[in-house]
Amino acid sequence: MDTNFKCFVRDRKITLKSLAKELHVSREHLTNIANGAPCGKNLAKRIESWSNGVISHSELLYPVKN
């Protein structure tokens, strides 16, 4: 299952490595988040800001498990 975050990053044609550098986190951490792991609140707010609100901080904090 692809998360909204993973789809958004893929659609923007950006690598998780370059995004991780921009957000000052490890690529591994972003990979876990892209695969549905919960995110910390500060990083969730940075991702929400980076995505111009397309990815909400609440969906990163409380990912839905299918």
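Okay, a definition to start: a salt bridge here is a side-chain nitrogen of Lys or Arg within 4 Å of a carboxyl oxygen of Asp or Glu. Keep that cut-off in mind, and keep in mind too that what we're looking at is a predicted model.

With that cut-off, the structure holds 3 salt bridges. Asp2, Lys6 and Arg10 are linked in a network of them. So which residue does lysine 6 pair with? Its partner is aspartate 2, with the closest N and O atoms 3.8 Å apart, and that counts because the limit is 4 Å. Aspartate 2 also bridges to arginine 10, and there the closest N and O atoms are 2.9 Å apart.

In soluble globular proteins, nonpolar side chains tend to be buried together. Here, the largest nonpolar core has 17 residues, and the ones touching the most other members are Phe5, Leu30, Ile47 and Leu60. Where does that core come from? Helix 1 (4-11), helix 2 (16-23), helix 3 (27-34), helix 4 and helix 5 each put in at least two residues. Helix 4 gives the largest share, with 4 residues.

If you leave aside its neighbours within four places in sequence, isoleucine 47 is in contact with Phe5, Leu23, Leu30, Cys39, Ile55 and Leu60.

Isoleucine 47 sits in helix 4, so let's take that helix as a whole. Its buried residues are Leu43, Ala44, Ile47 and Trp50.

Helix 2 can be read in a similar way. The buried residues there are Leu19, Ala20 and Leu23. They span an arc of only 105 degrees around the axis, which puts them on the same side of helix 2. Lys17 and Lys21 are exposed on the face turned away from that buried side. And what do the buried residues of helix 2 pack against? Helix 1, helix 3 and helix 4.

If you like backbone torsions, have a look at what follows these two helices. Just after helix 2, histidine 24 has a positive phi of about 65 degrees. Just after helix 4, asparagine 52 has a positive phi as well, of about 55 degrees.

While we're at the end of helix 4, look at serine 51. Serine 51 lies in the loop between helix 4 (41-50) and helix 5 (57-61). Buried or exposed? Serine 51 is buried, with a relative accessible area of 2%.

Last topic, the cysteines. A disulfide is a covalent bond between the sulfur atoms of two cysteines. How many does a search of the whole structure find? The count is 0. Cysteine 7 is in no disulfide, and the nearest cysteine sulfur, that of cysteine 39, is 17 Å away. Cysteine 7 is partly exposed, at a relative accessible area of 27%, whereas cysteine 39 is buried, at 7%. Cysteine 39 has already come up, by the way, as one of the contacts of isoleucine 47.

Conventions
Residues numbered from 1 in each chain as written. Predicted model: local features only at pLDDT ≥ 70, side-chain atom pairs only at ≥ 80, totals over all residues. Heavy atoms only, no water. Buried < 20%, exposed > 50% of the residue type's maximum accessible area, 1.4 Å probe, protein only. Core = buried A, V, L, I, M, F, W, Y, C linked by side-chain atoms within 4.5 Å. Contact = heavy atoms within 4.5 Å. Disulfide = S-S within 2.5 Å. Arc of directions from axis to C-beta.
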